[in-house]
Amino acid sequence: MTNLRLSAVEKALARFTKSVEVPSKKISDYFGENSFGLDKLKAAVTVDVYKKVIDSIETGAKLDDVTAEAVAAALKDWAVAKGVTHYTHWFQPLTGSSAEKHDSFFDSLKGVERFKGSTLVQQEPDASSFPNGGIRQTNAARGYTGWDPSSPFFIVEETLCIPTIFVSYTGDTLDYKAPLLKAQEAINKAATKVAQLFDPSVQNVSSSLGIEQEYFLVDKAFFAARPDLYLTGRTLFGAAPAKGQQLDDHYFGSIAPRVYSFMRDFEVEALKLGIPVQTRHNEVAPGQFEVAPLFEEINKAVDHNLLMMDVMQKVADKHDLKVLLHEKPFAGLNGSGKHNNWSLITDNGRNLFDPEGSLYFLTFLVNTIKAMHVYADMVRGSIASVSNDHRLGANEAPPAIMSVFLGQTLTDFLDKVEETGELVYSTEDAYMELGIERIPGLKLDNTDRNRTSPFAFTGNKFELRAVGSTQNSATPMAVLNTVVAEQLTQFAESVSAKIEAGTDKEEAIREVLVAYIKESKAIRFEGDGYSQEWVEEAEGRGLSNEKDTARALKFLVSDQAKEVFAKHGVFNTREIEARYNVWMEIYATKLSIEATTMVDIALTRVLPAASTYVGKLVETAASAKSLGIDAEGMVTTIKEVSGLIDKVKVTSSAMIADLERIEELEEEAHAIAMCDEIKHKHFDTLRAAVDSLEKLVDDALWPLPKYSEMLFLK
Ligand SMILES: NC(=O)CC[C@H](N)C(=O)O
């Protein structure tokens, strides 16, 4: 019988580095060649048509038929000239991945390629099988996709992709993109109003985002030999290797040739799609890497990240590699996150978090801290997933307790304000009154990095480090923009009230900020987010520490959340409740797949190998004894392995019984039971027994590729 693991090792060792075809040495020669954004549209249509599209992006105005026809014609000409035969509305249903259904441009009746404006703008895909959380009845399953003109079109293989939102027949959103667009509108309104207190010429504020994406690579053959990897994205078993990341020698190390070749290859594809990939490096865990594009307007950045994840996986295949995007593919090693670098930028080019020392900057900084203080639970809920639960709280990933890290300079400054009640800035030699006029730049470059902080100020932006590597960033970004929008709205109201009561504008701003600094102090934390002291202190400060998704998701449907989502038009109550239902169901389903996969691997792969080994030992020990040789060592091993076999069998049976017992529970109770009575009760026990067997059973018999092989053989 062939051992899948051993043949995988052979295959992995026989691989060679594939060469990469780079279109040109100069990236500018091919950057964006497979993308059709506003710049290309501008060149392809009349001024009038272009203006109407811009107007529709800015005001949400409906596009008239003539404009839509003109855009569709220009788009089709561009795409067909590039060898494209099909088009698709590309959308982001609640499954978590992107969705596409290709249609041909070719009209067989007329014998020509055609693309109608109405098809560009709206489609009704037969999309009844996407999760809807109870919004749609099966017999009223119509759903519509609608073009998002603010995100560029792009070509994948021979298909033109049109970024769209996805809504139900009743107009409720059923996707990730639409709420983000709505939250963008909310932050634009609220932040513009506040920015105008300082600069009346500001007309618009948009949020920008740069997403660092971490991932693992393993050889395709190992992946194929591990059902846990291809069914659940993570290793459900695997003993710790002698060498993991103890030496930190992988981090920023020289990139292995096969990996480098893969990186260049997918980067070329990403660059052609207009994704501004910028940075690549080895991450901390062996086999782990990172790619980071330059920041972009938030909606584009989210689409590009989703698209890039898809491109990476497709390109990896050519290199006989598999990309693991799961937050924790390997226990005991660093997991993978998305670090979302978020900022707010005015239409006249000011980054509102750029600390060019002024009250203008402080207003946005303090309001963001305050928003995090009041709405920390909603942010926690927005990053909750079955896979992120494994990552949070260890190995350089933030804990489940939300807090804000500012660095020493700003912390000292805010502490001083709190102590004195005055908004003054302390430099080394003097206190300086912080007026509406500029103050000397805060020296933020002495800000340390804190890898244990979920939300860190990094000089001119905030980094939400808690987002999971598989996650669509749209939800956490929609939530962040919504809560900051709400906070800024309240700030504007408080300042106006003071001004109306006769307080001078600057003084009014200062007074409100001082109050906020005091009120929001509890969310600021500079120390070690993993320490037990922090857990205790956070509890004393009233901060939540919800480690399990089954409970953290509830934060998104609290009265507070429903109210603020509805007020800013991001989710109506039906929409957020539907998402809660979908996400709870996904949580329970994924755990159920993990549980079943564990049992399957344990019973059908691990136990046969362990039993074969015991059989061999028994035979050998018996022969040894018949020759009068003491076989105590073998007998001890036989007992140990047999004991572990029993443990595997008993735990598997108990887990199956519990799975069956809780099966009938209704959705919410079922998700909670999957968390408490399956995951917490059985997973570690079963894993420990199997991992102990891995350390005892004959290496030649062991069926699953080992950590050392998957991490180091590339
Ligand atoms: N060096 C790093 O930034 C590591 C981050 C870590 N991998 C995470 O899960 O977020």
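This is a predicted model: local features need pLDDT of at least 70, side-chain atom pairs count only at pLDDT 80 or more; totals for chains, interfaces and linings use all residues.
Across the interface of domain 1 and domain 2, the count of salt bridges is zero.

First, the layout. The chain splits into domain 1, residues 31–175, domain 2, residues 184–428 + 438–571, and domain 3, residues 585–712. Between domain 1 and domain 2, the C-alpha centres are 30 Å apart.

Now back to that interface. What touches what? On one side there are 17 residues of domain 1, and they are in contact with 14 residues of domain 2. An interface's size is often stated as the accessible area that is lost when the parts come together. Here, about 1,400 Å² is buried between domain 1 and domain 2, and carbon and sulfur atoms give 54% of that. Which residues of domain 1 lose the most area to domain 2? They are Phe31, Trp90 and Gln92, which together make up 31% of what the domain 1 side buries.

Nine residue pairs are in polar contact between domain 1 and domain 2, counting pairs with both residues at pLDDT 80 or more. On the domain 1 side, the largest share comes from strand β8, residues 153–156, which supplies three residues. By type, the residues of domain 1 that touch domain 2 are seven nonpolar, eight polar and two charged.

Next, the ligand. There are 13 residues around the ligand, and those that come nearest are Glu214, Gly335, His339, Arg391 and Arg451. For three of these I have a distance to quote. The side chain of Glu214 has an N or O atom 2.9 Å from a nitrogen atom of the ligand. For His339, a polar side-chain atom is 2.8 Å from an oxygen atom of the ligand. Arg391 likewise places a polar side-chain atom 2.8 Å from a ligand oxygen atom.

Last, salt bridges in the model as a whole. I will show one of them, between Arg5 and Asp699, where the closest N and O atoms are 2.8 Å apart. Arg5 sits in helix α1, residues 4–13, and Asp699 sits in the loop between α21 (667–696) and α22 (707–712), so this pair ties together parts that are 694 residues apart in sequence.

That is the end of my part.

Key
Residues are numbered from 1 along each chain as its sequence is written. Side-chain values use heavy atoms; hydrogens and water are left out. Domain bounds come from an automatic or database domain assignment. Contact means heavy atoms within 4.5 Å. Buried area is the accessible area (1.4 Å probe) that two parts lose on being put together, summed over both. A salt bridge is a side-chain nitrogen of Lys or Arg within 4 Å of a carboxyl oxygen of Asp or Glu. A polar contact is a pair of N or O atoms within 3.5 Å; within protein, one must be able to donate a hydrogen and the other to accept it, and residues adjacent in sequence count only if both atoms are side-chain atoms. Helices (H or I, at least four residues) and strands (E, at least two) are DSSP runs, numbered from the N terminus. Ala, Val, Leu, Ile, Met, Phe, Trp, Tyr, Cys and Pro count as nonpolar, Asp, Glu, Lys and Arg as charged, and the others, Gly among them, as polar. A residue is near a molecule or strand if one of its heavy atoms lies within 4 Å of it.
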